[in-house]
Amino acid sequence: MSQNNSQSDSVQNPRVTWEGCSVLLDINDGDRLVFARLSAAATLKIGNKMYSLQPLIGCPFGTLFQVENGAQGPQLSRFIEGNNIQEKGDLQSQDETKDNRALVDNNNAQSLTGEEIDEMRRQGATGDEIVEALVANSATFENKTLFSQEKYRLKKQKKYAPKVLLRRPFARSVCEAYFKKYPARIGFLRVDALSLLLSMANVSANSDVLVVDMVGGLLTGAVAERLGGTGYVCNTYLGSTPYSMDIVRIFNLSNEICKRIVRAPLTDLSLSQNGTSEQIHQQEDVIDMECLPNNQMSSSVGMEEIPPSTENEITDLIPETTVSLVNKMGKSTKAGNKASQQAIDLWKENGFSSLIVAAPELDIWSLLKDILPLLSNSAPFAIYHQYLQPLATCMHNLQLGKMAVGLQITEPWLREYQVLPSRTHPCMQMSGFGGYILRGIKICNT
């Protein structure tokens, strides 16, 4: 019986948080995105106050929390929306006679002062009560349109009653968070481009995927997540220093999946393909010098450490902070171990089932002509780049060498919509560019 209990305790429910897991905290509906590792000592700063993250442990992903005044001061508590459905037919008919033309924004409409709001807080008033008091003391609230009233309530709620959404860090949420706050760290790889890379490379169960990941480990983590513990993800690199894979730690991958993420230098994979390794070493020396700025960028993503004095293992997505989430308490298997010689020999004999490249700082054609022979015949490949010309040159050379068929360059296109009653329209601020993807199928040209 005790053995069964120990086995059940070792298996984590992926839908519920646990101590030591990584989470993505969405504050006030996307106004601020924070990666955190949950522990009893972890805290989150909202405004000018620190809040403990202990109430988040053991809660399902997707739970909404709100700042409330508890017995020990302000704290995060679970927020359950009430059934406040109102009949808006009469309100909309009344709203048709209203407009905002007569409203003057002179800061005299609010009669509730800051001292009175502070006094309400000292007396233990909740954020919702403060918002209702601001609404009641506003001289122009009743004259606003229904949409303006909702915007006013939402603005005050974000200030006095902030909400925190507990999100699970998976490929889409991690990519969206990085792309929104600091896209240069992931090579401006948008979420639709990431999904196209996985689809065009035919990443599926029991696949052996060769990856050149210079976007911080986002691509490696997305491939490993889709494989689900079957097959292997081999992250290859030029030179002697592997590329950073720090973002993989955010995915909460199980030990079984982490064992399937391995690293191997390109020289170890291609020694049997080419008769001598001198040419490869020369090319790697040249490319290492060319991609020095990228190595510096990668180190800013994954090689910085949290200062020892800080205990709240929190990572906000701003350029000045680190993205490293070092789990000092965790005992999970580290992803990215060196590939075994047996696996390398097997890949040399049979080839990889697919290839995905996201290396914005490298010359794509110089890399591809050395790495394409590692694929098995009829294996698909997908290459991402921020600009069109490197992929066009690569596609032209592939056609001349008759090395691949089905070559196609795709430009991902994504439009985000706001979906609200009577206010559905494209978002005013959205990304208009998502890079380019070159896809193809490797063939035997002998």
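Predicted model: local features only at pLDDT ≥ 70, side-chain atom pairs only at ≥ 80, totals over all residues.
**Sheet**

- Eight strands make up an open sheet with mixed pairing, in the order β12-β10-β9-β8-β13-β14-β18-β15; strands are DSSP runs of E of at least two residues, helices are runs of H or I of at least four, both numbered from the N terminus, and two strands pair if DSSP finds at least two bridges between them.
- The edges are held by β12 (337–338) and β15 (404–410), each of which has a single partner strand, so one side of each is left without a neighbour in the sheet.
- Strands β13 (residues 354–358) and β14 (residues 380–385) run parallel and are joined by four bridges, and Val 357 stands opposite Ile 383 in β14.

**Nonpolar cores**

- A nonpolar core is a set of buried Ala, Val, Leu, Ile, Met, Phe, Trp, Tyr and Cys residues joined through side-chain atoms within 4.5 Å, where buried means under 20% relative accessible area, with a 1.4 Å probe and protein chains only.
- The largest nonpolar core has 44 residues, of which Leu 218, Leu 219, Val 223 and Ile 356 touch the most other members.
- At least two residues of this core come from each of β2 (32–37), α6 (171–181), α7 (191–200), β8 (208–213), α8 (218–227), α9 (255–259), β13 and β14.
- A second, separate core of 40 residues includes Cys 234, Ala 343, Leu 398 and Ala 404.
- Not counting residues up to four places away in sequence, Leu 219 touches Leu 194, Leu 197, Val 211, Val 212, Asp 213, Ile 356 and Ala 358, contact being defined as heavy atoms within 4.5 Å.

**Enclosed helices**

- Helix α7 is largely enclosed by the rest of the structure, because seven of its 10 residues are buried; these are Val 191, Asp 192, Ala 193, Leu 194, Leu 197, Leu 198 and Met 200.
- Among the elements that cover the buried residues of α7 are α6, α8, β13, β14, β15 and β18 (436–442), and the helix is followed by Asn 202, whose phi is positive, near 55°.
- In helix α4 (residues 127–136), the buried residues are Gly 127, Ile 130, Val 131, Ala 133, Leu 134 and Val 135, and they pack against α3 (114–122) and α5 (146–160).

**Leu 76 and its surroundings**

- Leu 76 lies in strand β6 (residues 73–78) and is buried, with a relative accessible area of 3%.
- Leaving aside neighbours within four places in sequence, the contacts of Leu 76 include Ile 46, Tyr 51, Leu 53, Phe 65, Val 67 and Val 164.
- Leu 76 and Leu 64 are 12 residues apart in sequence, and their C-alpha atoms are 9.6 Å apart in space.

**Charges over rings, and cysteines**

- A charge sits over a ring if NZ of Lys or CZ of Arg is within 6 Å of the ring centre and within 35 degrees of the ring normal; the charged end of Lys 163 sits over the ring of Phe 79, 4.5 Å from its centre, and that of Arg 260 sits over the ring of Tyr 232, 4.9 Å from its centre.
- The structure holds zero disulfides, a disulfide being a pair of cysteine sulfur atoms within 2.5 Å.
- Cys 59 counts as buried at 7% relative accessibility, and Cys 234 counts as buried at 1%.

Technical notes. Residues numbered from 1 in each chain as written. Heavy atoms only, no water. Buried < 20%, exposed > 50% of the residue type's maximum accessible area, 1.4 Å probe, protein only.
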